[in-house]
Amino acid sequence: MDEFTRRFHISGEKDAEIHSILSAVYQALEEKGYNPIDQIVGYILSEDPTYITNHKGARTMIRKIDRDELLHVLVRTYLSQPPFDTDKNEK
């Protein structure tokens with residue numbers, strides 16, 4: 001059996017769409033009084049749409065994003081940022 005690495009690529013246009021949807025979902029969750037980060041993480045881990053409110057169509061919007069693409073964008077964006085200064089957070 002041949003082993004190879006699969007390549008995964010998302011276009012800049014898709015990045016912008018994911019950012020727009022995720023921002024709108026975040027805002028809808030916040031407006032309804034939820035912790036948006038906890039709810040979005042719950043959705044990503046379980047793919048259970050009930051983590052996302054129906055407010056402003058957020059549940060429908062987030063289901064338009066492929067979970068693998070979402071994770072790809074999140075990891076790439078996180079790793080492209082400078083490291084956090086943990087000394088500042090401990091004070």
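Q: Hi! What should I know about the model before we start?
A: It is predicted, so local features need pLDDT of at least 70 and side-chain atom pairs count only at pLDDT 80 or more, while totals for chains, interfaces and linings use all residues. Residues are numbered from 1 along each chain as its sequence is written, and side-chain values use heavy atoms, with hydrogens and water left out.

Q: Thanks! What volume does the largest pocket have?
A: About 340 Å³. A pocket here is an open set of points on a 1 Å grid over the protein atoms alone, where a 1.4 Å probe fits, with protein on both sides within 12 Å along at least five of seven lines. The volume is the space filled by probe spheres set on the points, which are joined across faces, edges and corners.

Q: And which residues lie nearest its centre?
A: H19, L22, V73, L74 and T77, out of 15 lining residues; a lining residue has an atom within 4 Å of a point. Helices α1, α2 and α4 (67–80) each give two or more residues to that lining, and α1 gives the most, with six. Helices are DSSP runs (H or I, at least four residues), numbered from the N terminus.

Q: Switching topic: how many salt bridges are there?
A: Five, each a side-chain nitrogen of Lys or Arg within 4 Å of a carboxyl oxygen of Asp or Glu. One of them joins D15 and R76, at 2.7 Å from N to O. D15 is in helix α1 and R76 in helix α4, so this pair ties together parts 61 residues apart in sequence.

Q: Is D15 buried or exposed?
A: D15 counts as buried, at 18% relative accessibility, whereas R76 is partly exposed at 34%. Buried means under 20% relative accessible area, exposed over 50%, and partly exposed in between (1.4 Å probe, protein chains only).

Q: What about E31, which partner does it have?
A: E31 pairs with K56, with the closest N and O atoms 3.0 Å apart. E31 sits in helix α1 and K56 in the loop between α2 and α3 (58–62), so the pair ties together parts 25 residues apart in sequence.

Q: Last one: which residues form the nonpolar patch on the surface?
A: Y26, I37, V41 and L45, with about 390 Å² of accessible area together. Patch residues have over 30% relative accessible area and no salt bridge; like charges are joined within 9 Å and nonpolar side chains (Val, Leu, Ile, Met, Phe, Trp, Tyr) within 5 Å. Areas come from the Shrake-Rupley method with a 1.4 Å probe, and for residues only the protein chains shown count as cover. Helix α2 (residues 36–46) supplies the largest share, three residues, while Y26 lies in helix α1 (residues 12–31).
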